[in-house]
Amino acid sequence: MQLADIVTERIQRVTQAPKVALHEPRLDGNELAYVRDCVESGWVSSVGSYVDRFERELAAFVGAAHAVVVSNGTSGLHLALQLVGVKPGDEVLVPALSFVATANAVSHCGAHPHFVDSTAATLGLCVESLSSYLGDIAELRDGQCFNRNSGRRLAAVVPMHTFGHPVDMPALQELAARWSLPIVEDAAESLGSWIGERHTGNFGHCAMLSFNGNKIVTTGGGGAIVTNDPTLAKRAKHLTTTAKLPHAWAFQHDEVAYNYRMPNLNAALGCAQLERIDGFLEAKRELTQRYLAAFADVPEVELFVERPGTRANYWLQTLILSPQAAAQRDQILAATNGAGQMTRPVWELLTRLPMYRDCASMPTPVAADLAARIVNLPSSPQLVTDLAA
Ligand SMILES: Cc1ncc(COP(=O)(O)O)c(C=O)c1O
């Protein structure tokens, strides 16, 4: 039997369904009731009780002092970068192996992404190779970090917790402190992922979460900035709400800002989804166990599991092909998708996209190797029907 057929058969064994999506939202809790409440009350737009409630409950879940909900994760990351002082002409360190929005948010600031390699240990930014790279190219001037090659300021670093597996944040915090680099976590994929007792998103100045339709919790489209800094949170709210000064009727705005607000309708979905996140997380852990069992005797593949000391949300289940099997990745993708079992490769390296090809980058051999060997598997919590009902 070909490897592609074996993988297809093992996925079918787990999903037990003829046609399965990569990640579908589960909306059969209070979602409809809360959305109906918005419609019936007329509070469908960008203020309302569900916005306040979602911000409160999200902050509590993440263990952060503040959450400011926004229209999507990309706008949240754009604003988060501005909040830590990223200016046009700066460079921002981002992983080469990430969704395009991580780099786009940097570009939206008028700044330049500067790409960093990954580690196979976490699938995220490699702190060790970044450390030696900064030793080669960076210098501190008046307490700020500069790229000696380009002369530009290195204004921030953006670790991204790939598929919900946390980056080694304690090590990154140490490195970032050494180089005076603010940390903005791209936690789009990591709601429900912890390092020790600390939820991802609490290791930097601020973090962004995404509630896109494919995420572990969805608001249809939406995102949040979370932070433990009250000044930053206040400023995030101000800048996402057109910098409008509070007044009973007057339209006074004190700077150029954004309409990045999350509508109450979307926040209503978020409140209902958050009520069920513990069940989603439990179902995803069980799904991991089932995939582990199904692939246990297939030596060409390995299911990526959480690292010691971390608790991953297993947002997307991830198969890593052995170096010898990498050449069969596209056959596997064709066979599984052809059989109705939706699988996906990881993103094209950002350094290979036309708009980012000429950006500064450290060598990214690990990211390139991982990109050739990752296959994401069907991951919806409802695949574990007996648990997620
Ligand atoms: C790593 C990463 N960053 C950023 C985003 C952007 O979030 P959004 O789609 O909510 O704009 C996503 C997801 O879509 C993502 O996976």
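Biologist: Hi! How many salt bridges does a search of the whole structure find?
Modeller: The search turns up 18 salt bridges across the whole structure. Keep in mind that this is a predicted model.

Biologist: Good to know. Which side chain does E9 meet in a salt bridge?
Modeller: That would be R13, with an N to O distance of 3.3 Å.

Biologist: And where do E9 and R13 lie?
Modeller: Both are in helix α1, which covers residues 3-15. They sit four residues apart, about one turn of the helix.

Biologist: Changing topic: what does the domain assignment give for the protein chain?
Modeller: It gives two entries: domain 1 is made of 3-24 + 277-388, and domain 2 is 31-274. Taken over C-alpha atoms, the centres of domain 1 and domain 2 are 25 Å apart.

Biologist: How many residues are in contact between domain 1 and domain 2?
Modeller: On the domain 1 side there are 41 residues, and they touch 44 residues of domain 2. The buried area between the two domains is about 3600 Å², and carbon and sulfur atoms give 70% of that.

Biologist: How many salt bridges does the rule find across that interface?
Modeller: Zero between domain 1 and domain 2.

Biologist: Which elements supply the side of domain 1 that touches domain 2?
Modeller: Those supplying at least two residues each are α10 (277-295), β13 (310-311), β14 (317-321), α12 (365-373) and β16 (374-377).

Biologist: You mentioned β13. In what order do the strands of its open sheet come?
Modeller: The order is β9-β8-β13, three strands with antiparallel pairing. β9 (198-199) and β13 stand at the edges with a single partner strand each, so one side of each has no neighbour in the sheet.

Biologist: How many bridges link β8 and β13?
Modeller: Strand β8, residues 194-195, pairs with β13 over two bridges, in the antiparallel sense. W194 has R311 of β13 as its bridge partner.

Biologist: One last thing: how do β4 and β5 run, parallel or antiparallel?
Modeller: Antiparallel, with four bridges joining β4 (residues 138-141) to β5 (residues 144-147). Within that pairing, R141 has Q144 of β5 as its bridge partner.

Biologist: What about the turn of that hairpin, and which residue there has a positive phi?
Modeller: Two residues lie between β4 and β5 in the hairpin, and D142 in the turn has a positive phi of about 50°.

Key
Residues are numbered from 1 along each chain as its sequence is written. This is a predicted model: local features need pLDDT of at least 70, side-chain atom pairs count only at pLDDT 80 or more; totals for chains, interfaces and linings use all residues. Side-chain values use heavy atoms; hydrogens and water are left out. Domain bounds come from an automatic or database domain assignment. Contact means heavy atoms within 4.5 Å. Buried area is the accessible area (1.4 Å probe) that two parts lose on being put together, summed over both. A salt bridge is a side-chain nitrogen of Lys or Arg within 4 Å of a carboxyl oxygen of Asp or Glu. Two strands pair if DSSP finds at least two bridges between them.
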